[in-house]
Amino acid sequence: MPKDPIPNARPKPPRRLSLALQGGGSFGAFTAGVLDGLLAEKSPAFEAVSGASAGAINAVLLADGLAEGGRPAAREKLERFWDRVSALSPLPGLGLAERAAASAAILLSPYQFNPLGHDPLRRILAEEVDFERLRRAAPVRLLIATTRVRDGSLRLFREDEISLDAVLASACLPHVHHAVEIDGEAYWDGGFTANPPLRPLVEESDAPDILLVQLTPNERDGVPHSSGEITRRVAEINFAHALQHELDALAAMSALCDDARRPEAGLCGKLNRLRLHRIAAEDSVAGLQDASPMKTDRPFIRRLREAGQQAAAEWLAGGAGQPDALRPVASLVAQEAIGP
């Protein structure tokens, strides 16, 4: 049987950290706040970042900011991007544009209600991120998840091949956006296959600590009845399943390592040393389960960012996110194994 090491209190934040950033539409502003809180301190240093959808966007903003001017530039870039996203919402609350897009997505395909494939994120990301610089000299390793439309498999784009299209593909919801074509292949949102990529992050990172920033609520009370509510809950279940799949894969690998003759060697050694932490948006943002990930008005985005900053400050202070053993982590979605 796999051993379950007893979690120890962490007297201070880890010096090196890898990040796993989940997708979740505008809820990604919470992740930006978490990153801002981490960047406000001199440590930890970041070794690798994996992300899907909004997590992928935050990952490249973080990496490009660090490349441009270190931690202050990364904080500024993250704040400016989400400010620009909030400016896209014409009215407080769920704006008319968001409501129209949500309604159209239920009744029509994006090829019908948006035949030209207009995507304001393309312009914002193109102006905010120097992708050529990232491919040339990224300060952290990147693992950006996309889903290949042809066979539904995971495709990871790493820092040496990162591009604007790769990030847009990672955030491509098929009912809202046209599929993004890269080298003759069409891609959809990476959250369908790895939300976020955890197993590859463990394999490719030497940092003993990984922080998962989770945006999708674990549970939702009641049964959805309207078409919009049903669509949203189905999406949540799909994205939660992708995370559970990654956690189960890590648990299975850990079990195999326990039976290995050299449990401290190679990947098994990494798994034995791994401390997986979590900061969850639903633990910090009241009423998040009732909010829409298409909601982008400025007060909402600001509230998410501030909640993320506070969550990061508490985690750094040791008040939340204590590391748990890898085996209990595999039950994260169903049992809330990680937490204060």
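In the predicted model, helix α2 passes helix α5 in a right-handed crossing, a crossing being right-handed if the near helix is turned clockwise from the far one by less than a right angle, and left-handed if anticlockwise. Helices (H or I, at least four residues) and strands (E, at least two) are DSSP runs numbered from the N terminus. Helix α2 spans residues 54-86 and helix α5 residues 120-128; the two pack at an angle of about 155°, with their axes 10 Å apart. Axes are lines fitted to C-alpha atoms, for helices over the stretch in contact, and angles run from 0 to 180 degrees between N-to-C directions. The angle makes α2 roughly antiparallel to α5 (over 145 degrees; under 35 counts as roughly parallel, 65 to 115 as roughly perpendicular and the rest as oblique). Contact, defined as heavy atoms within 4.5 Å, involves Ile57, Leu61, Asp64, Lys77, Arg80, Phe81, Arg84 and Val85 of α2 and Leu121, Arg123, Ile124, Leu125, Glu127 and Glu128 of α5. These residues comprise 7 nonpolar, no polar and 7 charged, where Ala, Val, Leu, Ile, Met, Phe, Trp, Tyr, Cys and Pro count as nonpolar, Asp, Glu, Lys and Arg as charged, and the others, Gly among them, as polar.

A right-handed crossing is also formed by α1 and α12. The axes of α1 and helix α12 (residues 298-316) come within 6 Å and cross at roughly 40°, and the two helices are therefore oblique to each other.

Several backbone features lie in loops. Most residues other than glycine have a negative phi, and most peptide bonds are trans. A cis peptide bond, with omega about 10°, joins Ser43 and Pro44, and Pro44 lies in the loop between α1 (28-39) and β2 (45-52). Another cis peptide bond joins Asn195 and Pro196, with omega about 0°; Pro196 is in the loop between β6 (185-189) and α8 (199-204).

Ser53, in the loop between β2 and α2, has a positive phi of about 60° although it is not a glycine. Ser53 is buried, at a relative accessible area of 10% (buried means under 20%, exposed over 50% and partly exposed in between, with a 1.4 Å probe and protein chains only). Asp183, also not a glycine, has a positive phi of about 50° and is located in the loop between β5 (180-182) and β6. Asp183 counts as exposed, at 78% relative accessibility.

Residues are numbered from 1 along each chain as its sequence is written, and side-chain values use heavy atoms, with hydrogens and water left out. As the model is predicted, local features need pLDDT of at least 70 and side-chain atom pairs count only at pLDDT 80 or more, whereas totals for chains, interfaces and linings use all residues.
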